[in-house]
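Colleague: Could we go through this model together? I would like to hear what stands behind each label.

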Amino acid sequence: MTTEQRVALVAGASGGIGLATALKLAEQGYRVAIVARQGPKLDEALERLKSIREDSIAIAADLRDAASRQRSFEQVDAAFGRLDILVNCTPGAAPVSFIQHGIEHIEEGINNKLLPYLDNMKLAFERMKINRWGRIVNVVGNMWKEPNPGSVNLGLINAAIVNASKAASIELAPYGITVNGVHPGSILTDRLRSVWTRTAQQNGSTFEQVAQSAEASIPAGRVGKPEEAAALIAFLVSEEAGYITGQQISVDGGVMKSI
């Protein structure tokens, strides 16, 4: 099957890495559906996609809601009649330390990210198994492996997603479906800007000071671009990457220290 016949669903694609991925896949010829909350950002994202491939669609949905997730996949069925690629790229909870955290911070991560990722994977599998071919990529984050004391809730959710993804990769491999994780470091997105802004307010510093400190801690000496993460995702969903599954790959300029 040619790239032009493949269908990709990118969850959380109104901006950042998700949108960069959707645009990259459209440029490579895939038919693309994006899903995110309704609003101007989703409308703008669809306009950019349609400038590349006219048959692209946008689905307005709150992915925290199970019924909305189900409807999103049904809309892909109606528009394209198949699904070959799923990219999960939705944000999680606001970071909080162990001492500061409450059960509500854990529940936020579960509802915003863990349950949507797992449910989307299951819904995608039900469609991919028909053609015995599929690609699932979960955009997670380095804290699954290297905890940050100030973000205990993020590490907890990320580790759960990676564990489930690894198990799924083994079970889905006989169906020709791969499951991999991509773990961004500091990628210059609106979300990173908001984190740096909040950090500056908490520390009594400026946004520029926080940004400079962050860049100094990165071996590459700079933050990454959404397009750099998108390039890796585009490879992992390609035909050529069919023998790569169950893997966790960081896009972080060398920040992760563990091996």
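Modeller: Gladly, and let us start with accessibility: buried means under 20% relative accessible area, exposed over 50%, and partly exposed in between, with a 1.4 Å probe and protein chains only. This is a predicted model, in which local features need pLDDT of at least 70 and side-chain atom pairs count only at pLDDT 80 or more, while totals for chains, interfaces and linings use all residues. Residues are numbered from 1 along each chain as its sequence is written, and side-chain values use heavy atoms, with hydrogens and water left out.

Colleague: Thanks! Why is Tyr175 called partly exposed?

Modeller: Its relative accessible area is 28%. That value falls between the 20% and 50% limits, so Tyr175 is partly exposed.

Colleague: And what makes the pair of Phe125 and Tyr175 edge-to-face?

Modeller: Rings of Phe, Tyr and Trp (its six-membered ring) pair if their centres lie within 6.5 Å; planes under 30 degrees apart count as stacked, over 60 as edge-to-face and the rest as tilted. Here the centres are 5.0 Å apart and the planes stand at 85 degrees, so the pair is edge-to-face. Phe125 is in helix α4 (residues 103–131), and Tyr175 is in the loop between α5 (152–172) and β6 (177–184). Helices (H or I, at least four residues) and strands (E, at least two) are DSSP runs, numbered from the N terminus.

Colleague: Is Phe125 buried or exposed?

Modeller: Phe125 has 13% relative accessibility, so the residue counts as buried.

Colleague: How do you know that Glu239 and Arg6 form a salt bridge?

Modeller: The term asks for a side-chain nitrogen of Lys or Arg within 4 Å of a carboxyl oxygen of Asp or Glu. Between Glu239 and Arg6 the N to O distance is 3.3 Å, so the pair meets the cut-off. Arg6 is buried at 6% relative accessibility, whereas Glu239 is partly exposed at 47%.

Colleague: What does the charged end of Arg6 sit over?

Modeller: The ring of Trp133, at 3.6 Å from its centre. A charge sits over a ring if NZ of Lys or CZ of Arg is within 6 Å of the ring centre and within 35 degrees of the ring normal. Arg135 also lies over the face of Trp133, at 4.1 Å from the ring centre.

Colleague: Why is Glu54 called exposed?

Modeller: Its relative accessible area is 58%, which is over 50%, so Glu54 is exposed. Glu54 forms a salt bridge with Lys50, with the closest N and O atoms 3.6 Å apart.
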